[in-house]
Amino acid sequence: MCNYDSEFIIRYRDSVVSQEEKEKFELHLLDCETCRRKVALDKKLIDFLKSENSATYSLNKSQVMSNIDLNKYDSGKGNLMAKLVKWKSISIKVAAVLVVCIGGIALAQINPVREGLKTISLNILDKRSRLYDNTSEDIIPASTPKPSIPVISSNGILPNYVDLDKLPESYTVDDAKKDGCVVFEGLFLTSGETEWESFLEMTQKGQPAKIRLVHYSENADFDFNIIDLLFDGKTYYVAGKKGIANQYKYINHYSSETYDYYVLSNIKDISLEQLSKSFDIINCSFIYTNHYRMPKIDIKSIWPNYTSCHELPEDYTIEDAKRDGCVVIENFSFTSGETEWEDFLELTKKCISATIRIVSYYQNDTISELTIKDLLFDGSTYYVIQKDGIAEQYKYLKHYPLENGDKYILCDIKDISWDEIFHSLLSSDLRNHIRYKYIFSINRE
Amino acid sequence: MDKDRIIVSRVLNGEGEAFGEIVECYNNRIISFICKMGVKPEDSQDVAQEVFIKAYNNLYRYNSKWEFSTWLFTIAVNVVKDLFKSQKAKSCYITDDLNNLSKGYTYEESFVSIEQKELIKEMFQVLEEDVKAMLILFYYVDLPLKEIANIFHTKPYIVKMKIHRARKKLCDQFSKRWESEYSV
């Protein structure tokens, strides 16, 4: 029977429980699905409250301005009203500077998405992505004193160390690689393996050490997250631009033939099974995940003319994709390549090798997103090419004709229903999770 | 926000056009607030417009000892509450950018997990209007407890307590609902 009520769960989420209570509760979380669900719900609620609106509907300044009496406060009647308000005298100079500033901001806010739509080019693959600080969620609330970042010398791992908040806006993944950071692109570790090993070695000896982790993914948000991981000889600290986000006692390592996980937590020797039940809610941090060590495949043998989407010219457009025989899906409808897709399906049914490129474009008032997936079938296995030669593999291509449209996914389980996949998304229990790769959806009217 | 106060003083000194800067600055946050409160997205522009017009017409009443944002959101809270009063059935459409809830998925992929988010939003709408507004003002608009307390003519600790209780209530309700739907 569970002794923790929602009252405690909210206090735990706000980090206003003692360290001892916290550790005890986190052990309990591993076995209590009800508590895990409650913690996850509160997290999702706060995420919802904090999220930015898509601003599908936004107000035009002129709509308001045309409906107000601009002369309401003119010098005749306005002065009297103005006198009712206590104002500090402000020099016209300051006001003028301000107008210039605000003007500047207004200009800078011209919607880049709309501008970009004119060409729909592939330059979204540019890695000069903005720096994004992902530590806000973990930041300890103001009610508890915030620990200061321990000063730890770079000890050779990061010779060119620059404070996170001092990194230039134009800092790129390539810069991070040069600086000796541990870099992940998508699910793959692409740089810094040696640095990571040095870091682990030092921490095992109880020596202070620090390392910088950079995650980059080319999805809708172009996430580019940078965190520093510090070890002062006793405790691990995860720090972002806003300072220390969290601290942990242990670093646990899990590995198999296909993955490597390094997880920070306050529980020593927690099993991966226990961890997977509650990884998203327990106070832990996946700091290093090399999910799938994918075997390299020889793409050229199956797809002789293959050009990686990274090598396409910057001005490559949707129209070019259509000309090149790609499957093009715009806002969940085929706009090109439907026949090519059917041919691909036909070949795979006959176990004949086949290849196809799928370009999905989604656009509304605020978002425009382009994803490219290269799909390859060698007669028995499906591959989604991630980087040159490295590919995720799946056994089956599944088609779900649902009421509102069709969904295509790749997975390793032959007879799996859409409901089962959907349930795996809802579940906070990692054991329910199903490994699959979403390919695309077509909506029906 | 001294910038806001300067703009207000310019408007009150006869420079009506300067109010456009206020609209530009707060437009998105006001629309977001209105939508999160449960106003139909297609009505949100009209409601936001009403908020700004009311603010403009009553600008001479604004007391500069308050943050301008607090004053503006007080108007927004009242306009939304009046709207709900006038509607027999409350509209419960929330347009919220789902991206933040689905980090790691592309926009397209996030469609599959909409159902779960809808549930959270739907349950959020069950809360009292004042409490909903307090939660949005605290977590989204980022107003300090003291400012929120001013809006609702109450004490900061009361706001804190109401926010805490609301989260607790949602936790309990969600848990019950999950158990009945998935018969765990």
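Select chain B and colour its residues by burial: of the 184 residues of this chain, 58% count as buried, where buried means under 20% relative accessible area, exposed over 50% and partly exposed in between, computed with a 1.4 Å probe on protein chains only. This is a predicted model, in which local features need pLDDT of at least 70 and side-chain atom pairs count only at pLDDT 80 or more, while totals for chains, interfaces and linings use all residues. Residues are numbered from 1 along each chain as its sequence is written, chains are lettered from A and ligands numbered from 1 in the order in which they are written, and side-chain values use heavy atoms, with hydrogens and water left out.

Next, switch to a cartoon view of chain B, which has nine helices and zero strands; helices (H or I, at least four residues) and strands (E, at least two) are DSSP runs, numbered from the N terminus.

Now show the surface of chain B, which exposes about 7900 Å², an area from the Shrake-Rupley method with a 1.4 Å probe, and to which carbon and sulfur atoms contribute 48%.

Then select B:Glu67, which sits in the loop between helix H3 (41-57) and helix H4 (68-86) of chain B and is partly exposed, with a relative accessible area of 27%.

Finally, select two cysteines: A:Cys411 is buried, with a relative accessible area of 0%, whereas B:Cys25 is partly exposed, at 36%.
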